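Visitor: Could you walk me through this model and tell me what lies behind the labels?
Guide: Gladly, let's look at it together.

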Amino acid sequence: MMTNKKQTGFPEGFLWGGATAANQLEGAYNVDGKGLSIFDMVTFVPKEQRGNDIEMDVKSLKELEELLAQGDEENFPKRRGIDFYNRYKEDIALFAEMGFKTFRMSISWARIFPNGDDLTPNEEGLVFYDKVFDELSKYGIEPLVTLSHYEIPLHLVRKYNGWTDRRLVEFFVRYAETVFDHYKGKVKYWLTFNEINISQFSPYIGSGILVDQVEHVEQAVYQALHHQFVASARAVKLCHEIMPEAKIGCMLARMEVYPETCHPDDVLVALEEDQKNLFFTDVQVRGAYPSYMLSYFEKNNIKIEMLPGDEEILLQHPVDFLSFSYYMTQVASGNPDKLKQKGNFSSGIINPYLKSSDWGWQIDPKGLRITLKKLYDRYQVPLFIVENGLGAYDKVEEDGSINDDYRIDYHRAHIEQMKEAINDGVDLIGYTSWGCIDLISAGTSEMSKRYGFIYVDQDDYGNGSLERKKKKSFDWYKEVIRSNGTNL
Ligand code: BGP
């Protein structure tokens, strides 16, 4: 809505908080009826062997069956998480102490429907999240719930090759309807698919696809994504019908793309890379496939099979807000040789003006402001930053303190840029810092890649007491929230 009143600084009711996902947090992977999900199958490879590469995909049915046969817990860190399943009360009390207004978490689909295609839900799974939501409510913390955060039930991969199969739309809709019905009144903010664009890089994690089972990988990925778009729009429709007061958003891994130089070839490649990222929000916010993508499909021999009614459902049920993760920006070049470089995690080309994290993620607070302004110009819907943070090694001093000034600097710099964007008119409704409590890394399955304000005593191999400790950043973030972003 247009008004003449200009917002200065963070608006009243701004949703400060922290973000997590079930698969990296809960543990208890086979307890109380939960089925296996895709991330339960991802093993840990030490950094010395892996470098900065991210490898989280299972690529073939054979590999999957071999992993299943291993059956031991040791090699699969996401199965143990940080034991939130048993310690949620203690953890939520710490979030409340920081003053969280909101807590982003996900429901593990396989806790509710262990196989994904079951006809009736697993009651014990429903009860667990009831307890979590009730605990949050005790402190007035609003849950923000992702329906699918890399948590496709494994059975759907083995039997249907994930989202390549249209039948998954019905399974997902059944799941969404079940949790909307069950948790209405308890949850007001929802997200459909976490980082829906991840399938372009990781077909297994984003869409549950084993690439050896398909002939044309890109074709399979975009067909699967079409099914996810339809499922997401149907979830939006259901959410509005069941909970008229609730808001539901999409979620994009946003990476701004800079041209390496002002050469028009670089600028054009950067624009086209950016379009491939914005494609997802174009569909989910504007409600239709953009023409540049139809042209891309044609050039690459990709044919999307749509059923009658699909285009209408996309158009009639766009999301209420756009949420995204923000960690870094990338650089594009029109010179193909440049892309063979290895350096910057995302594209290969290093931005010489930016510093990198220990994992090669280039830190760019101003890029967040650019992103906010660009997304708001394009869509004019409320924006929500649901992930941002610094993965770093933390050191526990002899006196038990953890002095993570680097993390404070990181958040301060990003929050300052958010404030500038708000002052320029961007409608930003919240900020949930990623991994507010240390958890298992999505990309590397490490425990030592820590994002939290709360330290968890566990190493990469699962040793440790799991004791929680406040880091220096804990009190800093508490004051940020208390002062509504004034005291940074
Ligand atoms: C996003 C995911 C999160 C999270 C974060 C940090 O892609 O949505 O699940 O883990 O990135 O990534 P990582 O854990 O690899 O450092």
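Visitor: In which helix does L25 lie?
Guide: L25 lies in helix α1, residues 22-25. Helices here are DSSP runs of H or I with at least four residues, strands are runs of E with at least two, and both are numbered from the N terminus. Residues are numbered from 1 along each chain as its sequence is written. Please keep in mind that this is a predicted model, where local features need pLDDT of at least 70, side-chain atom pairs count only at pLDDT 80 or more, and totals for chains, interfaces and linings use all residues.

Visitor: Why is L25 called buried?
Guide: A residue is buried if 20 or more other C-beta atoms, placed from the backbone, lie within 10 Å of its own, exposed if 12 or fewer do, and partly exposed in between. L25 has 26 other C-beta atoms within 10 Å, so it is buried.

Visitor: Which residues is L25 in contact with, leaving aside its neighbours within four places in sequence?
Guide: They are T20, G81, I82, F84 and L439. Contact is a matter of C-beta atoms, placed from the backbone, lying within 7 Å. As for Y88, it is 63 residues from L25 in sequence and 9.8 Å away in space, C-alpha to C-alpha.

Visitor: What makes A246 partly exposed?
Guide: A246 has 17 C-beta neighbours inside 10 Å, so it counts as partly exposed. Its place is in the loop between α11 and β5 (247-253). With neighbours within four places in sequence left aside, A246 is in contact with K188, W190 and C239.

Visitor: Is N161 buried or exposed, and how do you know?
Guide: N161 has 22 C-beta neighbours inside 10 Å, so it counts as buried. N161 sits in the loop between α8 (154-160) and α9. Its phi is near 55 degrees, a positive value in a residue other than glycine.

Visitor: And is N301 buried or exposed?
Guide: N301 has 9 other C-beta atoms within 10 Å, so it is exposed. It lies in the loop between α13 (291-299) and α14 (310-316). N301 also has a positive phi, of about 55 degrees, although it is not a glycine.

Visitor: At what angle do α9 and α11 cross?
Guide: The axes of α9 (residues 167-183) and α11 (residues 217-242) cross at roughly 25 degrees and come within 9 Å. That makes α9 roughly parallel to α11, a term for angles under 35 degrees, with over 145 being roughly antiparallel, 65 to 115 roughly perpendicular and the rest oblique. Axes are lines fitted to C-alpha atoms, for helices over the stretch in contact, and angles run from 0 to 180 degrees between N-to-C directions.

Visitor: How do the residues of the contact of α9 with α11 divide?
Guide: They divide into 12 nonpolar, one polar and three charged. Nonpolar covers Ala, Val, Leu, Ile, Met, Phe, Trp, Tyr, Cys and Pro, charged covers Asp, Glu, Lys and Arg, and the others, Gly among them, are polar.

Visitor: Why are α16 and α17 called roughly parallel?
Guide: The axes of α16 (residues 405-423) and α17 (residues 472-482) cross at roughly 25 degrees, and the two helices are therefore roughly parallel to each other. The contact is made by D405, R407, I408 and I415 of α16 and K472, S473, W476 and V480 of α17.

Terms used: Two residues are in contact if their C-beta atoms, placed from the backbone, lie within 7 Å.
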